[in-house]
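Dear colleague,

Here is the structure that I promised to pass on to you. Please look through it first, and then read the notes below it.

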Amino acid sequence: MHIGMASLKAYVITRALLTIPMVLILLTVIFFLLRILPGDPIRAMYGPKIPEDVAREIMHAWGLDKPWHLQYVDYLLGLLHGDLGISYRTKRPVWDEIMTYFPATLELSIFSMAIAVLFGTLFGMLSAYRRGSKLDAAVRLLAISIYAVPIFWLGLMLQLAALMSNTPIPISSRISPLREPARITGLYVLDSILTGDVGALVDSLSHLALPSLTLGLVLSGAILRLTRSNMLETLAADYVLAARARGIREFRVVFMYAFRNAIIPVVTMAGMLFALLMAGAVLTENTFNWPGIGTYLVTCIANRDYPAIQGTVTFIAVLVALVNLITDIVNAVLDPRIRY
């Protein structure tokens, strides 16, 4: 590993110190924006005809009759103790709600990124290596096409294709009824493996097929184009020409010399895309009725569930910062020139 532990520790601490004020600013904006917008959570959940005396009682119970600055202070004090609040809609702790929905998004994100990276890097390398050929032209056209396709449209077309071909691949939901494995991590594939439940493993993988393929194909367009452009640059570099002049095998030149240097920007983009996916692939989750964090956040917004919205946004912000930190560390491992 090319990173010194002392410098890495200092870098992690610096990033954490920078992340805290950014998350605080985001939380503050969300907190006051929710209260400035017209409407209130009581009438959003109970309807506009709720009696005023009942509405006042609920507002008092939820602490919404306090001045905004006192509500803000109370919420910050709760955060300091790790309390994200109680959902107005379900009366459950927001943290428990997030942990119920987030594993579905994480599982979908992992499989989608695996497809995107595999497809994008493989065809990007082939396109760069066969520059100017018919294969190169076809791959470039494919990359532009799949990147421009709306995710929900591609998802609907894949669902239609699955129905018309009479394949056993499910077109919606996360798993079949009564097939859920014993909950350990909340990731059905991993839980099925840990518990040895083969039926649940096959069922969860079949439900993952269409949504992960939809997201993976769309994201692979950007990865493919970036891989191709970086491979073209590295294949023309002096060290690659020198390696070929020394008679090193072409496979080793392409994969061990050119690809390793070309992959660094791709890792950065893949990390950013993965962070965005874990923030909630709302369109895909809605198309496939996938119970993820994006769907949960949209439901909370529709019901003006203040604690749930604030807690979910805070969780996502910290998660994105963590993924970016891991991406930077991976880049430093791949490239010895990077120092922290």
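Aspartate 74 has a relative accessible area of 39% and is therefore partly exposed, where buried means under 20%, exposed over 50% and partly exposed in between, with a 1.4 Å probe and protein chains only. Please keep in mind that this is a predicted model, in which local features need pLDDT of at least 70 and side-chain atom pairs count only at pLDDT 80 or more, while totals for chains, interfaces and linings use all residues. Residues are numbered from 1 along each chain as its sequence is written, and side-chain values use heavy atoms, with hydrogens and water left out.

Aspartate 74 forms a salt bridge with lysine 66, their closest N and O atoms being 3.0 Å apart; the term stands for a side-chain nitrogen of Lys or Arg within 4 Å of a carboxyl oxygen of Asp or Glu. Lysine 66 is partly exposed as well, at 38%.

The whole structure holds 5 salt bridges, and another of them joins glutamate 97 to arginine 92, with 2.8 Å between the closest N and O atoms. Here glutamate 97 is buried, with a relative accessible area of 3%, whereas arginine 92 is partly exposed at 34%.

A further salt bridge links aspartate 136 and arginine 228, whose closest N and O atoms are 2.9 Å apart. Aspartate 136 is buried at 2% relative accessible area, and arginine 228 is buried at 13%.

With kind regards
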